[in-house]
Amino acid sequence: MTEYLKVAFVPGLLPDKWFRRFDDRHGGASRGANRRVRIASAAADNPLPYVLHGKADVAFVRMDSRGREGVVKDAEARGQSIHLIELYEEQPGVAVPKDNPIALFPEVSLHDLEDEKIMWAPQPPDFRVDIADVRSALEVVAANVGVVIAPRPLLRVINKRGVKDVVLSDGRPTRLAMVWLQSRDNRDIQNLVGIVRGRTARSSR
């Protein structure tokens with residue numbers, strides 16, 4: 001019998017390598033000869049509620065400037081306690097029309113954008129990345145108007161024709177995290193944690 005570990009992940013994360021390793025290791029028996037576990041995954045602009053409402057076992061989220069504390073508080077506000085593992089930082093980027101001279105450079109700074117109309121950028125106090133807003137702003141940039149500042153991996157995933165993303169050297173980086181409910185912690189989730197942390201099939205915990 002095959003069971004599934006349900007995972008929701010934020011656009012910009014590229015988790016396929018982790019998921020393939022999980023399926024390779026645990027698509028066979030993980031607790032008994034008749035039990036197989038595989039990943040069932042889907043991208044979601046806001047994956048945290050999927051975990052909090054029991055629709056997913058694990059979420060990979062993009063934290064705002066509050067970091068770990070912010071995600072924990074968001075979960076507690078919904079009456080849930082979570083486990084959270086911080087992952088890597090994302091490089092900031094800027095999306096510009098391909099005809100904009102900025103598109104010729106591999107890297108620019110905020111100073112280089114002084115004369116540009118910024119259609120969207122993370123705003124204080126939390127500098128939260130609203131993916132729906134980023135998508136809408138990219139439509140405007142694709143029409144050759146303005147620029148968008150956002151995590152570069154996100155810009156690459158939801159890019160529009162006629163738009164190029166470049167590195168923003170002094171932009172605000174973002175960080176990803178893996179989240180799951182304390183009440184639903186289990187061996188399958190811990191196996192995925194091990195893969196995300198780089199443990200091999202022969203590693204001990």
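Modeller: Two strands are called paired if DSSP finds at least two bridges between them, and the helices (H or I, at least four residues) and strands (E, at least two) are themselves DSSP runs, numbered from the N terminus. This is a predicted model, in which local features need pLDDT of at least 70, side-chain atom pairs count only at pLDDT 80 or more, and totals for chains, interfaces and linings use all residues. Residues are numbered from 1 along each chain as its sequence is written, while side-chain values use heavy atoms, with hydrogens and water left out.

Biologist: How many helices and how many strands does the protein chain have?
Modeller: The C-alpha trace of the protein chain spans about 60 × 35 × 25 Å along its principal axes. Within the protein chain, the count comes to 6 helices and 10 strands.

Biologist: What percentage of the 205 residues of the protein chain counts as buried?
Modeller: A residue is buried under 20% relative accessible area, exposed over 50% and partly exposed in between, using a 1.4 Å probe and protein chains only. For the 205 residues of the protein chain, the buried part is 46%.

Biologist: In what order do the 5 strands of the open sheet lie?
Modeller: Strand 5 (residues 92-97) is joined to strand 8 (residues 147-151) by 4 bridges and runs antiparallel to it, and strand 5 is also joined to strand 9 by 5 bridges, again antiparallel. Strand 6 and strand 9, by contrast, run parallel, with 2 bridges between them. The pairing in this open sheet is therefore described as mixed, and the order is 6-9-5-8-7.

Biologist: Which residue is the bridge partner of Val94 in strand 9?
Modeller: Val94 stands opposite Ile149 in strand 8. In strand 9, the bridge partner of Val94 is Val166.

Biologist: Why is strand 9 described as largely enclosed, and how many of its residues are buried?
Modeller: Strand 9 (residues 163-168) includes Val167, which stands opposite Glu107. Strand 9 is largely enclosed by the rest of the structure because, of its 6 residues, the number buried is 5.

Biologist: Which residue stands opposite Glu89 in strand 10?
Modeller: Strand 10 (residues 174-181) has 7 of its 8 residues buried, so the rest of the structure largely encloses it. With strand 3 (residues 58-63) it forms 5 bridges in an antiparallel arrangement, where Val61 stands opposite Ala177. Strand 4 (residues 82-90) is likewise antiparallel to strand 10, through 7 bridges, and opposite Glu89 stands Arg175.

Biologist: Is Leu5 buried or exposed?
Modeller: Leu5 lies in strand 1 (residues 2-9). Leaving aside residues up to four places away in sequence, Leu5 touches several others, including Phe22, Val37, Ile39, Ile189 and Leu192. Because its relative accessibility is 3%, Leu5 counts as buried.

Biologist: Which peptide bond is cis, with omega near 10 degrees?
Modeller: Pro125 is found in the loop between strand 7 and helix 4 (131-142). The cis bond, with omega near 10 degrees, is the one from Pro124 to Pro125.

Methods: Contact means heavy atoms within 4.5 Å.
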